[in-house]
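Me: I have just opened this structure and would like a friendly tour of it. Could we go through it step by step?

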Amino acid sequence: MNQTPEDESARRKRLLTLCFLAIGVVYGDIGTSPLYAFREAFNDVHGVLPLRENVLGVLSLIFWSLITVVSIKYATFILRADNKGEGGVMALMALAQRGVRRVRTRWIVMVIGLFGTSLFFGDAVVTPAISVLSAVEGIEVLSPAAAHYVVPITVLILLGVFSIQKHGTSRIGHLFAPVTLTWFITLGVLGVFGIVRDPSVLKALLPHHAILFFVHNGKLGIFAMGAVVLSITGAEALYSDLGHFGKKPIRLVWFFVVLPCLMLNYLGQGALVLSDPSTAENPFYLLVPAGLLIPMIVLATMATIVASQAVISGTFSMARQAIQLGYLPRMQVLHTSNQQEGQIYLPWINRILLVLTIAIVFGFKSSANLVSAYGLAVVGTMLMNTLLVVIVARRIWRWSYLRVIPVGLIFLGIDALLLTAVADKFIYGAWFPLALGVIVFTIMLTWRRGRELVMREIKRAGLALEPFIASISAHPPLRVSGTAVFLTANPEGVPNALLHNLKHNKVLHERNVILTVDILDEPVAEPEDRKSVVALADDFYLVTLRYGFSEDPNIPAALVAVSQCGFPFEMMDTTFFLSRESIVAGDRPGMMLWRDRLFEFLARNATSATAFFQIPGNRLIELGTQVEI
């Protein structure tokens, strides 16, 4: 079907709009890297001297890292691995699991995905702190005596950023793209003025300068490359925000706006250091004309707020996906916008991020110190992404081994080099986000395993559904009008709530629905897969509702759309029955005792299933069941 000029115009307008919005959301993190990345190559800890060959070498490494890791690996290769339009570690893990059948292999894929997700959470704590700190430190250039105000101002800004989360970003979201676009244009303009100082800095784009850097510096050059890693932090956002904008806008913005502006600024900083090596202490702000320093500090602070906001919002989305897929306990999820489904707020996650972010600001006190904690978690997430996308290429795309192995080895080799470069940062602070990642990883594995053990005990103690219905038909109890909906995770057994109701109240409802909710490994369930209904004997129905991991289950709304259960659902004539399991840590095989107690604690503090599934409290009866694991 041929497109009319009006259709083509509308398509281009939508594409430009998505490109504009992507600038503010996708590239906020990587866009603030020039504040600290280049200078860290010349710091006192594993830094190199600001000699001409070192400046050109570092710039060459930054350029080719942006090309190989961001442009080729992420923008070209990994963006292809979308899970029905969605991206991110959890979506990639679900996609990879779809391509493998062996239980052991699926478990390995799960561990890779969960560890990558855990490292993302660790990185999400460091990113707001280092971004805002590095921007506020511009006042030290303005007035060295004001250095002791940096930490208090940073903390106040971060308190403001986290406090507005409950109101949503819809009110200030329209400012994100203009601020970030202004930021990138400013980066480019400053870079051009810097390059004019010494145009020979453009030689850094030649790859042999990167090779010579290692020849001249040896082992020290490898560790100095840890600063180069900082220039690619935020590359994960290209993939994690795929579902919001699509591949084409993300790629267009990267290649035509972000990459040129970033490199111009890095080259400008390099030219400044070539002309005056003493400026290596803070080349970004020293590149700014003195009369524009205050506006630049304000703009940098606004840009880092946008970057922090994007990371925090991404953490909320990642946490919701983990909850839906059964790797985290249920938490309260609040929608902050009536127009945009993706704008959500998780109070518990926000509080935890706030406390940890403020703690590391007080603990590290400067971006130069905090840089040591940055990078290891980022590279770890990149490595997990590489492993998962290689599995997807082989299992889903059906690439041959002759194609998969060379591509996989190249990307894994780059990741290994980057990991080696940041490995020494462990003792200087990188242990902190890594430790956070290990804690989150342990929680997710424990919650997943704990739910499996609970299901094992429920099935072991339960009754088979079909023989139970047959006995009901043979010895019918008293029936009352209306519909009873029994939520259960085991559709083959009799729900405990049904047994308790029959035992204590001696009655059954006129229509009884055994309801199971399944979360698919897709972001959104297809309409034809949304529900299934099986009519059993004696007015019993087995109903299964399916949701994607990016959807919010709304059971009452879904049941109203079900018409295969004899007669329509009337919510005022429907009662929901739910078994609330009380977990007791025991000595049964399955997990170590400390993990049993951790799971018990998580289950006790999880949001109730009724709130999570949006079941009205006045139509609900909860019956307790004790389960020992």
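This is a predicted model: local features need pLDDT of at least 70, side-chain atom pairs count only at pLDDT 80 or more; totals for chains, interfaces and linings use all residues.

Me: Is Ala37 buried or exposed?
Reply: A residue counts as buried when its relative accessible area is under 20%. The relative accessibility of Ala37 is 1%, so Ala37 is buried.

Me: Leaving aside neighbours within four places in sequence, which residues is Ala37 in contact with?
Reply: Trp107 is 70 residues from Ala37 in sequence, and their C-alpha atoms are 37 Å apart in space. The contacts of Ala37, once neighbours within four places are set aside, are Ala227, Leu230, Ser231 and Tyr266.

Me: Now the sheet: which strands stand at its edges?
Reply: The open sheet has six strands with mixed pairing, in the order β5-β6-β4-β3-β7-β8. An edge strand has a single partner, so one of its sides is left without a neighbour in the sheet. The strands in that position are β5 and β8.

Me: In β6, what is the bridge partner of Val534?
Reply: Strands β5 (residues 531–535) and β6 (residues 540–547) run antiparallel and are joined by five bridges. They form a hairpin with four residues between them, and Asp538 in the turn has a positive phi of about 60°. Across this pair, Val534 has as its bridge partner Leu542.

Me: And in β4, what is the bridge partner of Arg479?
Reply: Here β3 (residues 478–487) pairs with β4 (residues 507–519) in the parallel sense, over eight bridges. The partner of Arg479 in β4 is Leu508.

Me: At what angle to β4 does helix α23 run?
Reply: Helix α23 covers residues 496–505 and lies across β3, β4, β6, β7 and β8. Its direction relative to β4 makes an angle of about 165°.

Me: How far apart are the end C-alpha atoms of helix α25?
Reply: Helix α25 has 13 residues, 593–605. At 1.5 Å a residue, α25 should span 18 Å. That agrees with the distance between its end C-alpha atoms, which is 19 Å.

Me: What do the buried residues of α25 pack against?
Reply: The buried residues are Arg595, Asp596, Phe599 and Leu602. They cover an arc of only 125° around the axis, which puts them on the same side of α25. The face turned away from that side carries the exposed residues Arg597 and Arg604. On the buried side, the packing partners are α21 (431–461) and β7 (574–584).

Definitions and conventions. Residues are numbered from 1 along each chain as its sequence is written. Side-chain values use heavy atoms; hydrogens and water are left out. Helices (H or I, at least four residues) and strands (E, at least two) are DSSP runs, numbered from the N terminus. The expected span of a helix is 1.5 Å times one less than its number of residues. Buried means under 20% relative accessible area, exposed over 50%, partly exposed in between (1.4 Å probe, protein chains only). The arc is that of the directions from the helix axis to the C-beta atoms. Contact means heavy atoms within 4.5 Å. Two strands pair if DSSP finds at least two bridges between them. Axes are lines fitted to C-alpha atoms, for helices over the stretch in contact, and angles run from 0 to 180 degrees between N-to-C directions.
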